[in-house]
Amino acid sequence: MQHLDLQVIRQALQWSCKGRRIWLCSVLCTYGSAPRAPGSLLAVNDGGQWVGSLSGGCVEDDFLERVAHGDFTAPVTVVRYGDGSDTRTSIRLPCGGVLDVLVENLPAHCDVQAHLRELESALLGQRRLLREVSLHDGTRRLSDDSLQGPRVEREQTCVRLRVGAAQRLLLAGYSSVAHFCAQFAKGMGFDVILCEPREEVLAGVVLEGIEIRRELPSVFIANGGCHSDTAVVALTHDPKIDDLAMLEAVRTEAFYIGVMGSQVTSNKRRERLQRIGGLGECELARIHAPIGLNLGSKTPAEIALAVLADILRVRNGIERGSL
């Protein structure tokens, strides 16, 4: 959903540059059933215009009404929807869900506009940022983010929000497992790109909403196809595709790099990549091989599930040993 978040930040920046006060809302956490994930954004200006989403609509309506009535005058406020603890609203979410929202009151100042421009660049994939907001006075600080972890981290005195490009899954070559990976990842909100140069392999393949590039994945990667929010997955068993993709992927900031194969096959590939490709131990250590969590998967769909589960584990900063 980062595409929507980019739209929110761009519109908020336009409003601010025109002298409008902005209320920038971020979903902090959800309990039970909630329609939007932590980190999702909504912006409202002092004229009642809004962009983005926090829920299916009921929260937005209530929030707009409260802004019109003069609520949220403080630099920062945390509001809870869904459990009745806030007597100023009677909103109940479906299935007993609860939603905590960070509300920042942002005047039309140059420093606010500079901050929004930094967020825009991060959402475009130019860099990954860790955004820290003080819950005491609303002061904001940005720093480079080189780690994986939850999109939102909340402490007593501050909130930290990870800001980056839309998560991307780059599939190096087509296979039955890659087909299910594409479908699963799309449902999880990833941008999915399939690089497959073999026309005969793509004959009859239909993948709705998936970008298909008829070129070697290694060429696409070398030409800047990866950013730090990209997972590169090779699932073909064809060394000409898989090995070359790995050689290029380890030179990028991709947060996940994996290739399918048994332990024996993976050991042989590591030897080739070291001997022919010149990869060192640090580079080889970035490659997940065999790929995926050990779920006892047998079918293509089950293997794809194990792959996406491992990508999700790494993206959320969870060690294998803690599963």
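Figure 1. Phe180 and Phe184 lie four residues apart in helix 4 (residues 176-187), so about one helical turn separates them. An α-helix has 3.6 residues a turn, so residues three or four places apart point the same way. In this predicted model, the ring centres of Phe180 and Phe184 are 6.1 Å apart and their planes meet at 45°, so the pair is classed as tilted. Phe180 is partly exposed, with a relative accessible area of 29%. Phe184 is likewise partly exposed, at 31%.

**Figure 2. The aromatic pair of Phe63 and Phe72.** Two aromatic pairs are found when the whole structure is searched. One of them joins Phe63 and Phe72, whose ring centres lie 4.9 Å apart with 35° between the planes, a tilted arrangement. Phe63 and Phe72 are both buried. For Phe72, the relative accessible area is 7%; because buried means under 20%, Phe72 falls into that class. Phe72 is located in the loop between helix 2 (58-68) and strand 4 (76-81).

Figure 3. The buried residues of helix 2 are Val59, Glu60, Asp62, Phe63, Leu64, Arg66 and Val67. Their cover includes strand 1 (22-31), strand 2 (41-45), strand 3 (50-52), strand 4 and strand 5 (98-106). Just after helix 2, Gly70 adopts a positive phi of about 90°.

Figure 4. Most residues other than glycine have a negative phi, and most peptide bonds are trans. Phe72, which is not a glycine, has a positive phi of about 60°. His237 also has a positive phi, near 70°, and is found in the loop between strand 13 (230-234) and helix 7 (239-249). The peptide bond leading from Ala289 to Pro290 is cis, with omega near 0°. Pro290 belongs to the loop between strand 15 (287-288) and helix 10 (300-315).

Figure 5. Side chains of opposite charge can pair when their charged atoms come close. The structure contains 29 salt bridges, among them the one between Arg20 and Asp46, in which the closest N and O atoms are 3.0 Å apart. These partners come from distant parts of the chain, 26 residues apart: Arg20 is in the loop between helix 1 (2-17) and strand 1, and Asp46 is in the loop between strand 2 and strand 3. Arg20 is partly exposed, with a relative accessible area of 33%, and Asp46 is partly exposed at 39%.

**Figure 6. A salt-bridge network and a further charged pair.** Salt bridges link Arg128, Asp145, Glu153, Arg162 and Asp229 in a network. Within the structure, Arg162 and Glu153 meet through their side chains at 3.3 Å, N to O. Arg162 is buried, with a relative accessible area of 12%, whereas Glu153 is partly exposed at 29%. A further salt bridge joins Glu211 and Arg213, with the closest N and O atoms 3.0 Å apart. Glu211 is partly exposed, its relative accessible area being 39%, and Arg213 is partly exposed at 29%.

**Figure 7. The annotated region, residues 169-311.** An unreviewed UniProt entry lists these residues as "domain: XdhC Rossmann". Over residues 169-311, the chain is 46% helix and 16% strand.

Note on methods: Residues are numbered from 1 along each chain as its sequence is written. This is a predicted model: local features need pLDDT of at least 70, side-chain atom pairs count only at pLDDT 80 or more; totals for chains, interfaces and linings use all residues. Side-chain values use heavy atoms; hydrogens and water are left out. UniProt positions are given in the numbering used here, feature names are shortened, and annotations may be inferred rather than shown by experiment. Helices (H or I, at least four residues) and strands (E, at least two) are DSSP runs, numbered from the N terminus. Buried means under 20% relative accessible area, exposed over 50%, partly exposed in between (1.4 Å probe, protein chains only). Contact means heavy atoms within 4.5 Å. Rings of Phe, Tyr and Trp (its six-membered ring) pair if their centres lie within 6.5 Å; planes under 30 degrees apart count as stacked, over 60 as edge-to-face and the rest as tilted. A salt bridge is a side-chain nitrogen of Lys or Arg within 4 Å of a carboxyl oxygen of Asp or Glu.
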